[in-house]
Amino acid sequence: MQNHKRPPSSLIFIFGGSGDLNLRKLTPALYNLFLDDWMPEQFGIVGIGRTGYTDDKYRKHLLDGIKKFSRRKGEENGNWQDFAKHVSYLQMDAEDEAAYQQISAIVKKKEAAFGEHPNVIFYLAVAPQLVPDIAAKLGPLNICADTKCTRIVIEKPFGHDLQSARELNHLLSTMFDEDQIFRIDHYLGKETVQNILALRFANALFEP
C-alpha cells in the first residue's frame, strides 16, 4: 500500500535514449521506481537518439534491457505494459538546432494532456564532447527559462579534464540557474565508493 507522496507530473527527455547507459541503467531504474509507486501519476519518458525506432520497437528494445539487466526482471507480469505506455521515442539529430522545436512541441502536448505544466528533465546520457552543444541548443528554449520546473542532468564524465569541466560549468551557468543543474555519477553508488565513505566517517582515527 502506498504511504508516500508521489512527485508532481514530470516529463523526462533522455538524450542518448538509444544508448547503452539508458538500456542498462536509466530505464531499469525508472521502471523500479514505477513498480514501487515512486513515479508521478502523470509522467512521460521520451528517448532521443539517431537510431530509427518506432515507439513500439523502442519499447521492445527497452524491455530486452529490463529482462537482461534489471534486478526486478521477474516482476513484469503486466506492469511493463503499464509503464511502457508512458514511453516514446524521438528520432533526432542533436546537432540540428531546428529539431529542438520538436521538444517544445512535445512539452506543450503533454501539458495539455496532463492538465498542468509538468516538471521537465533533460538527462544527457551522451559522450562528454556532445554535452556542450546539446546544452547550448537547449538553453534558448522557453521552457528552460522556467527555473522552478526545468532541470538538466549531466551524466558522467563531466568534461574530459579540469579545463573542459570548468568551461562546461561556465556554459551551463549562462543558461541555467545552479539549482537547475545536476551532475550525476552513478558510480558514486558503487559499493567500493560507499566503503571509502564508511572508512572516512566511521573511523575514529580518520574522522577528526
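Me: In which loop is the place of D37?
Reply: This is a predicted model, in which local features need pLDDT of at least 70, side-chain atom pairs count only at pLDDT 80 or more, and totals for chains, interfaces and linings use all residues. Residues are numbered from 1 along each chain as its sequence is written, and side-chain values use heavy atoms, with hydrogens and water left out. Helices (DSSP runs of H or I, at least four residues) and strands (runs of E, at least two) are numbered from the N terminus. On that numbering, the place of D37 is in the loop between α1 and β2.

Me: What does D37 count as at its relative accessibility?
Reply: With a 1.4 Å probe and protein chains only, a residue is buried under 20% relative accessible area, exposed over 50%, and partly exposed in between. D37 has a phi near 65°, a positive value in a residue other than glycine. Its relative accessibility is 28%, so D37 counts as partly exposed.

Me: Which residues does S70 touch, not counting residues up to four places away in sequence?
Reply: S70 sits in the loop between α2 (55–69) and α3 (79–84), and its relative accessibility is 1%, so it counts as buried. Contact means heavy atoms within 4.5 Å. Apart from residues up to four places away in sequence, S70 touches P28, N32 and G65.

Me: How far apart are the end C-alpha atoms of α2?
Reply: The expected span of a helix is 1.5 Å times one less than its number of residues. For the 15 residues of α2 this gives 21 Å, which agrees with the distance between its end C-alpha atoms, 21 Å.

Me: What covers the buried residues of α2?
Reply: The residues of α2 that are buried are Y58, H61, L62, L63, G65 and I66. Their cover includes α1 (20–35), β2, α3 and β3 (87–91).

Me: What is the geometry of the Y31 and W80 pair?
Reply: Rings of Phe, Tyr and Trp (its six-membered ring) pair if their centres lie within 6.5 Å, and planes under 30 degrees apart count as stacked, over 60 as edge-to-face and the rest as tilted. A search of the whole structure finds 11 aromatic pairs. In one of them, the ring centres of Y31 and W80 are 5.4 Å apart and the planes stand at 75°, so the pair is edge-to-face.

Me: How many residues apart in sequence are the parts that the Y31 and W80 pair ties together?
Reply: Y31, at 1% relative accessibility, counts as buried, and so does W80, at 5%. Both belong to one aromatic cluster, formed by Y31, F34, F43, W80 and F83. Because Y31 lies in helix α1 and W80 in helix α3, the pair ties together parts whose separation in sequence is 49 residues.

Me: What is the radius of gyration of the protein chain?
Reply: The radius of gyration is taken over C-alpha atoms, and the globule rule is 2.2 Å times the number of residues to the power 0.38. With 208 residues, a compact globule would come near 17 Å, which agrees with the value for the protein chain, 18 Å.
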